[in-house]
Amino acid sequence: QVQLVESGGGLVQAGGSLRLSCAASGRTFSRYVMGWFRQAPGKEREFVATINWTGGSTAYADSVKGRFTISKDNAKNTVYLQMNSLKPEDTAVYYCNAKAQHTILNYWGQGTQVTVSS
């Protein structure tokens with residue numbers, strides 16, 4: 001069974017940084033695209049960033065380009081989201097996602113709260 005466990009959320013002032021981690025277990029993720037999504041109160045869940053487990057190609061939402069960096073550690077089966085220059089509008093619950101390529105398999109973590117104060 002696939003498990004995604006996020007950590008690293010918290011409260012930070014605007015302009016600060018946080019690093020989120022997503023520990024993945026339960027299968028080999030070589031054919032997965034790993035991603036981060038977020039959901040603010042009263043809003044729909046939105047895409048933040050993705051990374052291909054094999055090859056490492058990345059994609060970012062326009063709102064976070066240049067501020068956030070997604071990366072992975074194959075040995076630890078962990079995906080990271082380094083968030084710099086945080087803004088109050090980045091406040092949301094951040095979810096880790098694992099999507100198997102060319103299938104309908106799609107998994108979510110439980111989420112971690114990020115709050116950016118102004």
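User: What does buried mean here, in terms of relative accessible area?

Analyst: In this predicted model, a residue is called buried when its relative accessible area is under 20%, exposed when it is over 50%, and partly exposed in between.

User: Why is Phe 37 counted as buried?

Analyst: Phe 37 has a relative accessibility of 18%, and the cut-off for buried is under 20%, so Phe 37 counts as buried.

User: What makes Phe 47 count as buried, partly exposed or exposed?

Analyst: The relative accessibility of Phe 47 is 30%, which lies between the limits of 20% and 50%, and therefore Phe 47 counts as partly exposed.

User: Why is the pair of Phe 37 and Phe 47 called edge-to-face?

Analyst: The ring centres lie 5.9 Å apart, and a pair needs them within 6.5 Å; the planes stand at 70 degrees, and over 60 counts as edge-to-face, so that name applies to this pair. Because Phe 37 belongs to strand β4 and Phe 47 to strand β5, the pair ties together parts that are 10 residues apart in sequence.

User: What makes the pair of Phe 29 and Trp 53 tilted?

Analyst: Their planes are 45 degrees apart, with 6.0 Å from centre to centre; planes under 30 degrees apart would be stacked and over 60 edge-to-face, so the rest, this pair included, count as tilted. Both Phe 29 and Trp 53 are buried, and together with Tyr 32 and Tyr 107 they form one aromatic cluster.

User: How do you know that Arg 45 lies over the face of Tyr 95?

Analyst: Arg 45 is at 3.7 Å from the ring centre of Tyr 95, where the limit is within 6 Å, alongside a condition on the angle to the ring normal, and Arg 45 is found to lie over that face.

Terms used. Residues are numbered from 1 along each chain as its sequence is written. This is a predicted model: local features need pLDDT of at least 70, side-chain atom pairs count only at pLDDT 80 or more; totals for chains, interfaces and linings use all residues. Side-chain values use heavy atoms; hydrogens and water are left out. Buried means under 20% relative accessible area, exposed over 50%, partly exposed in between (1.4 Å probe, protein chains only). Helices (H or I, at least four residues) and strands (E, at least two) are DSSP runs, numbered from the N terminus. A charge sits over a ring if NZ of Lys or CZ of Arg is within 6 Å of the ring centre and within 35 degrees of the ring normal.
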